[in-house]
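Here are my notes on the model you sent over. Have the structure open while you read, and colour it by helix if you can.

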Amino acid sequence: MSPTSRASATATATATNNPNGPEGSRPDRIADAALVLLAERGMRGLTHRAVDEVAHLPQGSTSNHARTRLALLEAAVRRLAVLEGKVLAVDELPGPAGGLPALIDGMALALHRYLTSNPQLLVCRYELALEATRRPELRTFFDETGSQFRRPLTALLRSAGSHSPERHTLSLVAWTEGTMFSCVAGSFHTAVPSLAELREGYGELLHGMLDTPHVIEA
(Lines give C-alpha, C1' and ligand atoms only; values in the text may rest on other atoms or scores of the structure.)
Protein backbone atom coordinates (compact mmCIF):
# COMPACT_ATOMS: atom_id res chain seq x y z
CA MET A 1 0.00 0.00 0.00
CA SER A 2 1.36 3.42 -0.97
CA PRO A 3 1.87 6.20 1.61
CA THR A 4 -1.14 8.04 0.17
CA SER A 5 -3.33 4.96 0.48
CA ARG A 6 -2.17 4.31 4.04
CA ALA A 7 -2.87 7.93 4.93
CA SER A 8 -6.35 7.74 3.44
CA ALA A 9 -7.09 4.47 5.21
CA THR A 10 -5.93 5.86 8.54
CA ALA A 11 -7.97 9.03 8.24
CA THR A 12 -11.05 7.11 7.13
CA ALA A 13 -10.75 4.67 10.02
CA THR A 14 -10.43 7.52 12.48
CA ALA A 15 -13.50 9.24 11.12
CA THR A 16 -15.49 6.00 11.02
CA ASN A 17 -14.73 5.25 14.66
CA ASN A 18 -15.83 8.70 15.80
CA PRO A 19 -19.03 8.30 17.87
CA ASN A 20 -20.34 11.70 16.77
CA GLY A 21 -21.03 10.51 13.26
CA PRO A 22 -19.71 11.72 9.89
CA GLU A 23 -21.18 15.22 9.98
CA GLY A 24 -20.41 16.06 13.61
CA SER A 25 -16.90 14.67 13.26
CA ARG A 26 -15.94 16.65 10.17
CA PRO A 27 -13.55 19.02 12.02
CA ASP A 28 -11.87 16.00 13.62
CA ARG A 29 -11.66 14.23 10.27
CA ILE A 30 -9.97 17.27 8.78
CA ALA A 31 -7.53 17.57 11.67
CA ASP A 32 -6.82 13.82 11.66
CA ALA A 33 -6.11 13.92 7.94
CA ALA A 34 -3.78 16.87 8.45
CA LEU A 35 -1.83 14.89 11.04
CA VAL A 36 -1.64 11.87 8.75
CA LEU A 37 -0.25 14.06 5.98
CA LEU A 38 2.32 15.60 8.30
CA ALA A 39 3.51 12.14 9.32
CA GLU A 40 3.52 10.74 5.78
CA ARG A 41 4.67 13.70 3.66
CA GLY A 42 5.96 16.39 5.99
CA MET A 43 4.99 20.06 6.09
CA ARG A 44 5.21 20.52 2.31
CA GLY A 45 2.63 17.82 1.78
CA LEU A 46 0.04 19.54 3.96
CA THR A 47 -2.37 21.37 1.68
CA HIS A 48 -6.10 22.00 1.86
CA ARG A 49 -6.67 19.91 -1.25
CA ALA A 50 -4.62 17.00 0.08
CA VAL A 51 -6.55 17.06 3.37
CA ASP A 52 -9.84 16.85 1.45
CA GLU A 53 -8.52 13.85 -0.48
CA VAL A 54 -7.18 11.97 2.54
CA ALA A 55 -10.30 12.64 4.62
CA HIS A 56 -12.55 11.62 1.69
CA LEU A 57 -14.35 14.95 1.80
CA PRO A 58 -15.65 17.07 -1.10
CA GLN A 59 -13.10 19.51 -2.47
CA GLY A 60 -13.33 22.79 -0.60
CA SER A 61 -14.41 21.25 2.72
CA THR A 62 -11.09 21.96 4.44
CA SER A 63 -10.98 25.52 3.11
CA ASN A 64 -14.45 26.13 4.51
CA HIS A 65 -13.39 24.86 7.93
CA ALA A 66 -9.88 26.36 8.04
CA ARG A 67 -9.58 29.14 5.49
CA THR A 68 -5.88 29.86 6.00
CA ARG A 69 -2.84 27.65 6.36
CA LEU A 70 -2.36 28.97 9.88
CA ALA A 71 -5.91 27.96 10.80
CA LEU A 72 -5.23 24.47 9.42
CA LEU A 73 -2.01 24.21 11.43
CA GLU A 74 -3.81 25.35 14.57
CA ALA A 75 -6.45 22.69 14.02
CA ALA A 76 -3.70 20.09 13.70
CA VAL A 77 -2.01 21.28 16.90
CA ARG A 78 -5.31 21.21 18.79
CA ARG A 79 -6.09 17.69 17.58
CA LEU A 80 -2.56 16.51 18.33
CA ALA A 81 -2.94 17.71 21.93
CA VAL A 82 -6.18 15.75 22.27
CA LEU A 83 -4.66 12.54 20.88
CA GLU A 84 -1.48 12.88 22.92
CA GLY A 85 -3.57 13.49 26.01
CA LYS A 86 -5.35 10.17 25.46
CA VAL A 87 -2.06 8.32 25.01
CA LEU A 88 -0.13 9.90 27.87
CA ALA A 89 -3.14 10.25 30.22
CA VAL A 90 -1.22 12.57 32.56
CA ASP A 91 -4.32 13.17 34.68
CA GLU A 92 -4.51 9.43 35.38
CA LEU A 93 -1.03 9.20 36.88
CA PRO A 94 -1.10 8.03 40.51
CA GLY A 95 -0.97 10.75 43.14
CA PRO A 96 1.55 11.08 45.98
CA ALA A 97 -0.46 8.68 48.14
CA GLY A 98 0.62 5.84 45.87
CA GLY A 99 4.25 6.51 46.59
CA LEU A 100 7.16 7.06 44.24
CA PRO A 101 7.14 3.50 42.82
CA ALA A 102 3.56 3.96 41.60
CA LEU A 103 4.45 7.27 39.95
CA ILE A 104 7.48 5.72 38.26
CA ASP A 105 5.38 2.81 36.98
CA GLY A 106 2.70 5.15 35.65
CA MET A 107 5.10 7.40 33.78
CA ALA A 108 7.05 4.49 32.32
CA LEU A 109 3.87 2.83 31.11
CA ALA A 110 2.61 6.04 29.46
CA LEU A 111 5.91 6.63 27.65
CA HIS A 112 6.22 3.01 26.56
CA ARG A 113 2.66 3.12 25.19
CA TYR A 114 3.49 6.25 23.22
CA LEU A 115 6.74 4.93 21.77
CA THR A 116 5.38 1.53 20.76
CA SER A 117 1.86 2.40 19.59
CA ASN A 118 1.84 6.04 18.47
CA PRO A 119 5.22 7.08 17.03
CA GLN A 120 3.48 8.84 14.12
CA LEU A 121 2.11 11.40 16.57
CA LEU A 122 5.65 12.28 17.57
CA VAL A 123 6.62 12.85 13.96
CA CYS A 124 3.66 15.24 13.68
CA ARG A 125 4.75 17.02 16.83
CA TYR A 126 8.26 17.58 15.49
CA GLU A 127 6.94 18.91 12.19
CA LEU A 128 4.62 21.34 13.99
CA ALA A 129 7.24 22.38 16.55
CA LEU A 130 9.70 23.31 13.81
CA GLU A 131 7.03 25.23 11.94
CA ALA A 132 6.16 27.07 15.15
CA THR A 133 9.71 28.44 15.31
CA ARG A 134 8.97 30.26 12.04
CA ARG A 135 5.43 31.37 12.87
CA PRO A 136 5.05 33.40 16.09
CA GLU A 137 1.26 33.01 15.95
CA LEU A 138 1.56 29.22 15.88
CA ARG A 139 4.29 29.30 18.55
CA THR A 140 1.88 30.90 21.03
CA PHE A 141 -0.85 28.41 20.17
CA PHE A 142 1.56 25.47 20.33
CA ASP A 143 2.85 26.53 23.76
CA GLU A 144 -0.65 27.00 25.13
CA THR A 145 -1.72 23.49 24.17
CA GLY A 146 1.51 22.05 25.58
CA SER A 147 0.82 23.56 28.98
CA GLN A 148 -1.94 21.01 29.55
CA PHE A 149 0.81 18.44 30.15
CA ARG A 150 3.22 20.60 32.12
CA ARG A 151 0.75 21.91 34.70
CA PRO A 152 -0.36 18.49 36.02
CA LEU A 153 3.27 17.32 36.20
CA THR A 154 4.30 20.38 38.18
CA ALA A 155 1.41 19.88 40.61
CA LEU A 156 2.24 16.20 40.95
CA LEU A 157 5.92 16.87 41.67
CA ARG A 158 5.03 19.56 44.17
CA SER A 159 2.72 17.16 46.00
CA ALA A 160 5.39 14.47 45.93
CA GLY A 161 7.76 16.74 47.85
CA SER A 162 9.78 18.51 45.15
CA HIS A 163 11.56 21.56 46.52
CA SER A 164 11.70 23.05 43.00
CA PRO A 165 8.70 21.69 41.07
CA GLU A 166 9.02 24.02 38.05
CA ARG A 167 12.69 23.18 37.52
CA HIS A 168 12.05 19.50 38.12
CA THR A 169 9.21 19.61 35.59
CA LEU A 170 11.65 20.96 33.01
CA SER A 171 14.11 18.15 33.78
CA LEU A 172 11.39 15.50 33.62
CA VAL A 173 9.93 16.80 30.36
CA ALA A 174 13.39 17.22 28.82
CA TRP A 175 14.34 13.63 29.67
CA THR A 176 11.03 12.31 28.37
CA GLU A 177 11.10 14.29 25.15
CA GLY A 178 14.75 13.47 24.60
CA THR A 179 13.93 9.78 24.87
CA MET A 180 11.00 10.23 22.48
CA PHE A 181 13.09 11.97 19.85
CA SER A 182 15.99 9.54 20.13
CA CYS A 183 13.71 6.52 19.74
CA VAL A 184 11.53 7.88 16.93
CA ALA A 185 13.75 10.16 14.83
CA GLY A 186 17.20 9.89 16.37
CA SER A 187 20.00 7.37 16.53
CA PHE A 188 18.05 4.94 18.75
CA HIS A 189 15.08 4.62 16.39
CA THR A 190 15.68 0.87 16.08
CA ALA A 191 16.02 0.29 19.82
CA VAL A 192 12.91 1.36 21.71
CA PRO A 193 13.53 0.85 25.45
CA SER A 194 11.58 -1.86 27.22
CA LEU A 195 9.07 -1.01 29.92
CA ALA A 196 11.57 -2.18 32.54
CA GLU A 197 14.29 0.08 31.11
CA LEU A 198 11.96 3.09 31.16
CA ARG A 199 11.03 2.32 34.77
CA GLU A 200 14.70 2.29 35.64
CA GLY A 201 15.29 5.59 33.85
CA TYR A 202 12.38 7.35 35.53
CA GLY A 203 13.41 5.82 38.84
CA GLU A 204 16.91 7.27 38.61
CA LEU A 205 15.55 10.67 37.64
CA LEU A 206 12.75 10.93 40.19
CA HIS A 207 14.73 9.49 43.08
CA GLY A 208 17.46 12.00 42.32
CA MET A 209 14.91 14.82 42.39
CA LEU A 210 12.91 13.81 45.43
CA ASP A 211 15.25 11.81 47.66
CA THR A 212 18.27 14.12 47.68
CA PRO A 213 18.23 16.67 50.51
CA HIS A 214 17.93 20.25 49.34
CA VAL A 215 21.22 22.01 49.96
CA ILE A 216 21.31 25.81 49.66
CA GLU A 217 24.75 27.15 48.86
CA ALA A 218 25.94 30.25 50.72
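The points below go from the overall fold to the core and then to the pocket.

1. First, a caveat: this is a predicted model.

2. Of the 218 residues in the protein, 45% are buried. Looking at contacts with a separation of 6 or more, 68% join residues 24 or more positions apart. The exposed surface comes to about 11,400 Å², and carbon and sulfur atoms supply 55% of it.

3. Now the inside. The largest nonpolar core has 58 residues, and L46, L128, L172 and L206 touch the most other members. Helices α3 (26-41), α4 (48-54), α6, α7, α8, α9, α10 and α11 (195-210) each put at least two residues into this core. As a general point, nonpolar side chains in soluble globular proteins tend to be buried together.

4. Which residues does L172 touch, leaving out those up to four places away in sequence? They are M107, L153, L157, Y202, L205, L206 and M209.

5. On to the largest pocket, which holds about 700 Å³ of space. Its lining counts 29 residues, with E84, R125, F149, V173 and E177 nearest the centre. By type, the lining divides into 20 nonpolar, 3 polar and 6 charged residues.

6. Which helix gives the most to that lining? It is α9, with 8 residues. At least two lining residues each come from α6 (69-88), α7 (99-117), α8 (119-132), α9 (136-159) and α10 (165-184).

Technical notes. Residues are numbered from 1 along each chain as its sequence is written. This is a predicted model: local features need pLDDT of at least 70, side-chain atom pairs count only at pLDDT 80 or more; totals for chains, interfaces and linings use all residues. Side-chain values use heavy atoms; hydrogens and water are left out. On a 1 Å grid over the protein atoms alone, a cavity is a set of points where a 1.4 Å probe fits but cannot get out, and a pocket is an open set with protein on both sides within 12 Å along at least five of seven lines; lining residues have an atom within 4 Å of a point. Grid points are joined across faces, edges and corners, and a volume is the space filled by probe spheres set on the points. Helices (H or I, at least four residues) and strands (E, at least two) are DSSP runs, numbered from the N terminus. Ala, Val, Leu, Ile, Met, Phe, Trp, Tyr, Cys and Pro count as nonpolar, Asp, Glu, Lys and Arg as charged, and the others, Gly among them, as polar. A nonpolar core is a set of buried Ala, Val, Leu, Ile, Met, Phe, Trp, Tyr and Cys residues joined through side-chain atoms within 4.5 Å. Buried means under 20% relative accessible area, exposed over 50%, partly exposed in between (1.4 Å probe, protein chains only). Contact means heavy atoms within 4.5 Å. Accessible areas come from the Shrake-Rupley method with a 1.4 Å probe; for residues, only the protein chains shown count as cover.
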